[in-house]
Amino acid sequence: MELAEIPREKKISKKDFLEKYVKTQKPVVIEQLIEDWPAYTKWNIDYLREVAGEKTVPLFDGNQPISSKYKFNEPHLHMKMSEYLDLLEKGPTSYRIFLYHLLREVPALQKDIRYPKIGLRILKQIPMLFFGGENSKVFMHYDIDLANILHFHFHGKKRCILFPPSETKYLYKVPHALITREDIDFTNPDFKAFPALKNAKGVVTELNHGETLYMPEGYWHQMTYLTPGFSMSLRAAPRNLQNLSKALYNLFFMRHFDNAMRSWKGQKWIDYKNSQAVKRTNEKNKIS
């Protein structure tokens with residue numbers, strides 16, 4: 001498996017961003033895109049505890065394998081935000097907050113952000129937040145809507161591994177899902193169990209407070225929180241018509257079909273998909 005460093009720009013114009021990265025569908029880290037946001041200086045764990053501590057938030061346990069007990073993106077439990085932030089600061093935890101619209105729950109936070117004029121038609125209705133504790137991991141996946149994503153990181157550091165859609169054939173994608181085999185550790189892959197990974201070519205970076213990662217349409221991404229921290233994503237609809245049609249299929253058919261099969265077949269459906277991920281990938285790569 002080959003991982004190159006994601007290019008970095010201190011600052012970038014709208015024209016250069018569109019020409020160098022959006023049109024070519026290449027990721028980039030922009031180091032100084034949001035320095036004029038109030039959030040740049042205000043957003044940390046203490047501030048969120050103050051303004052959102054009483055909110056009840058959905059939590060996902062990264063140590064729990066995907067199970068037929070839960071629907072697509074269904075949380076494992078709920079907790080007060082203040083209690084969760086306390087948990088983050090106590091030490092490593094596998095619990096994460098995923099795709100949470102905190103700005104809707106706490107409207108005052110909306111005053112802390114700006115929408116970058118960088119050439120993307122950002123969907124302003126859905127700024128989503130993500131939280132994780134030290135060493136917590138997000139398994140390799142791509143987003144259901146195949147959006148262009150601006151991912152802003154706050155409070156800490158996290159490592160991001162990305163693969164373009166062209167590398168899907170090596171990644172042991174689970175059928176009828178947006179993930180690879182969840183037992184693959186992309187920070188230390190087992191090439192004996194998953195030999196096709198040796199051929200995969202991706203990119204990697206470590207995000208620090210205030211940095212922005214641009215992830216193009218349909219890019220696979222895996223995140224590891226090196227310290228407790230949180231991020232916010234803004235998204236723009238796919239510009240490629242084929243990706244737009246795939247997004248509509250995912251949203252209106254695939255996830256509902258998968259939920260129905262989980263309800264009908266239970267764990268057998270999960271096991272079948274995992275076995276097919278290995279079988280199909282090895283067959284494509286002529287691995288016996």
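Strands (E, at least two residues) and helices (H or I, at least four) are DSSP runs, numbered from the N terminus, and two strands pair if DSSP finds at least two bridges between them. The views below show a predicted model, in which local features need pLDDT of at least 70 and side-chain atom pairs count only at pLDDT 80 or more, while totals for chains, interfaces and linings use all residues. Residues are numbered from 1 along each chain as its sequence is written, and side-chain values use heavy atoms, with hydrogens and water left out.

Figure 1. Contact here means heavy atoms within 4.5 Å. To find your place, look for arginine 96, which stands opposite glycine 132 in strand 7.

Figure 2. Is leucine 77 buried, exposed or something in between? With a relative accessible area of 28%, leucine 77 is partly exposed; buried means under 20%, exposed over 50%, and partly exposed in between (1.4 Å probe, protein chains only). Leaving out residues up to four places away in sequence, leucine 77 touches Val57, Pro58, Leu59 and Tyr95. Threonine 180 is 103 residues from leucine 77 in sequence and 24 Å from it in space, C-alpha to C-alpha.

**Figure 3. Arginine 235 and its neighbours.** Arginine 235 sits in strand 14 (residues 229-236). Its relative accessibility is 6%, so arginine 235 counts as buried. Which residues does arginine 235 contact, leaving aside neighbours within four places in sequence? They are Arg121, Ile122, Leu123, Ile126, Asp143, Asp145, Ala147, Asn148 and Ile149. Isoleucine 122 is 113 residues away from arginine 235 in sequence, but 5.5 Å away in space, C-alpha to C-alpha.

**Figure 4. Strand 13, buried from end to end.** Six of the six residues of strand 13 (residues 220-225) are buried, so this strand is largely enclosed by the rest of the structure. Trp220, Gln222 and Thr224 point one way from strand 13, while His221, Met223 and Tyr225 point the other way. Strand 8 (residues 137-141) runs antiparallel to strand 13 and is joined to it by three bridges; here lysine 137 has threonine 224 as its bridge partner. Strand 10 (residues 158-163) is also antiparallel to strand 13, with six bridges between them, and lysine 158 stands opposite tyrosine 225.

**Figure 5. Strand 11 and its partners.** Five of the seven residues of strand 11 (residues 201-207) are buried, leaving the strand mostly covered. Strand 1 (residues 2-5) runs parallel to strand 11 and is joined to it by four bridges, with glutamate 2 opposite lysine 201. Strand 10 pairs with strand 11 in the antiparallel sense over five bridges. In that pairing, arginine 159 stands opposite glutamate 206.

**Figure 6. Two loop residues with positive phi.** Asparagine 135 lies in the loop between strand 7 and strand 8, and its phi is near 75°, a positive value in a residue other than glycine. Asparagine 135 is partly exposed, at a relative accessible area of 48%. Histidine 155 is found in the loop between strand 9 (148-154) and strand 10. Although not a glycine, histidine 155 has a positive phi of about 55°, and with a relative accessible area of 26% histidine 155 is partly exposed.
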